[in-house]
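Work through the exercises below with the model open beside you. Try each task before you read its solution.

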Amino acid sequence: MHRSVIDAIGNTPLIRLKRVSEETGCEILGKAEFMNPGQSVKDRAGLFIIRDAERRGLLRPGGVIVEGTAGNTGIGLTLVAKALGYRTVIVIPDTQSQEKKDTLRVMGAELIEVPAVPYKNPNNYVKVSGRLAEQLARSDPNGAIWANQFDNVANREGHIRTTAEEIWTQTGGKVDGFVSAVGTGGTLAGVAFGLKEKSRNVKIALADPLGAALFSFYTEGVLKAEGSSITEGIGQGRITANLEDFTPDFSYQVPDEEALPYVFDLIQEEGICLGGSSGINIAGAIRLARELGPGHTIVTILADYGTRYQSKLFNPEFLRSKNLPVPGWMEEGPQFSV
Ligand code: PMP
């Protein structure tokens, strides 16, 4: 029995991705993070950030947690906050999916939508959330903290202590590679540190969407971004504190055209319903499988559940507006009539 929803965070299953495993001759395993109570990998960061703030004596009962987020961290923070008696104020770029915004409102977060502008702009959602946290820390009677997921290493600590441990145990130590995209870098760097502590032989790969700058940083030493992606929650332009001291063994740049067909096929053929960032991760896992050759076990992250993107990723009109291919089944009418 779980004493609260918090105990239901983590210990997610590792699911074999059948078709891509058969095609590569590797075992490609997806860590089903969409099975967390907030339906994403970010419940772990939410929990570790709040527990860390409590340990430091920064949070009082009824206190406010402020965060800038593409949505999933806000959902994770809010469910943990509700279970522990805190409140959340979430600053989100207005480009993020309506479903994530609706979820946050339903859960009782106070939601502030801001225009999506680059990090260097003072009105960027991350910077707005930092300033707001400072203001509320002074004005709210119960005080406030800034979760600061990008530069708060309690985020990656959560993945070192839980995600990496779980992957090691679930594979019986038979894991040759791990690959994921980066939002904050908590998942990639945290799992990398955790697994490398177990075995120096585990290869770590970055899968970067277009529009992110890490691929060029790890391959050429310069932060340079080109192109764009419809994926949400990933695509980083700087070296966050969570990425400090981390270097991947391999780096891949994955266009949406390569990644999204895996998401569409997994729903139709294997019953696994995922968001776009998981497609980038799976495409990265396939590239790493080809790099290492058949017979290896590669783990990646199934980061969040697909219904969160019904109005975008699973909307033919939206896909066409982005010049992305629309899978045939998405446009087919009903096959049976009564
Ligand atoms: N996928 C999705 C859907 C996310 O919301 C996030 C978090 N922003 C990530 C991947 C990346 O995780 P991390 O922040 O740990 O790099």
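Residues are numbered from 1 along each chain as its sequence is written. This is a predicted model, in which local features need pLDDT of at least 70, side-chain atom pairs count only at pLDDT 80 or more, and totals for chains, interfaces and linings use all residues.

**Exercise 1. The open sheet**

Task: Find the order of the strands in the open sheet of 4 strands.

Solution: 
- Start with the terms. Helices (H or I, at least four residues) and strands (E, at least two) are DSSP runs, numbered from the N terminus. Two strands pair if DSSP finds at least two bridges between them.
- Read the order: S5-S4-S3-S6, with parallel pairing.
- Look at the edges. Strand S5 (110-114) and strand S6 (144-146) each have a single partner strand, so one side of each is left without a neighbour in the sheet.
- Check one pair. S3 (residues 64-68) and S6 run parallel and are joined by 3 bridges. Ile65 stands opposite Ile145 in S6.

**Exercise 2. Helices across the sheet**

Task: Which strands does helix H5 lie across?

Solution: 
- Axes are lines fitted to C-alpha atoms, for helices over the stretch in contact, and angles run from 0 to 180 degrees between N-to-C directions. Contact means that the C-beta atoms of two residues, placed from the backbone, lie within 7 Å.
- Take helix H5 (residues 125-139). H5 lies across S3, S4, S5 and S6, at about 160 degrees to S3.
- Now take helix H3 (residues 72-84). H3 lies across S3 and strand S4 (87-93), running at about 175 degrees to S4.

**Exercise 3. The ligand shell**

Task: Which residues around the ligand come nearest?

Solution: 
- Apply the cut-off. A residue is near a molecule or strand if its C-beta atom, placed from the backbone, lies within 6 Å of it.
- Pick from the 20 residues around the ligand: Gly183, Thr187, Gly233, Ser277 and Ala303 come nearest.
- Find the main source. Helix H7 (residues 186-198) gives the largest share of the shell, 3 residues.
- The shell draws at least three residues from each of domain 1 and domain 2.

**Exercise 4. Buried residues**

Task: Is Ala154 buried or exposed?

Solution: 
- Use the rule. A residue is buried if 20 or more other C-beta atoms lie within 10 Å of its own, exposed if 12 or fewer, and partly exposed in between; C-beta atoms are placed from the backbone.
- Locate Ala154 in helix H6 (residues 154-170).
- Count. Ala154 is buried because 21 C-beta neighbours lie inside 10 Å.
- List touching residues. Leaving out residues up to four places away in sequence, Ala154 touches Phe48, Ile49 and Asp52.

**Exercise 5. A positive phi**

Task: Where is Gln39?

Solution: 
- Find the loop between strand S2 (27-32) and helix H2 (42-55); Gln39 is there.
- Read its phi: about 65 degrees, positive although Gln39 is not a glycine.
- Count again. Gln39 is buried, with 22 other C-beta atoms within 10 Å.

Note on methods: Domain bounds come from an automatic or database domain assignment.
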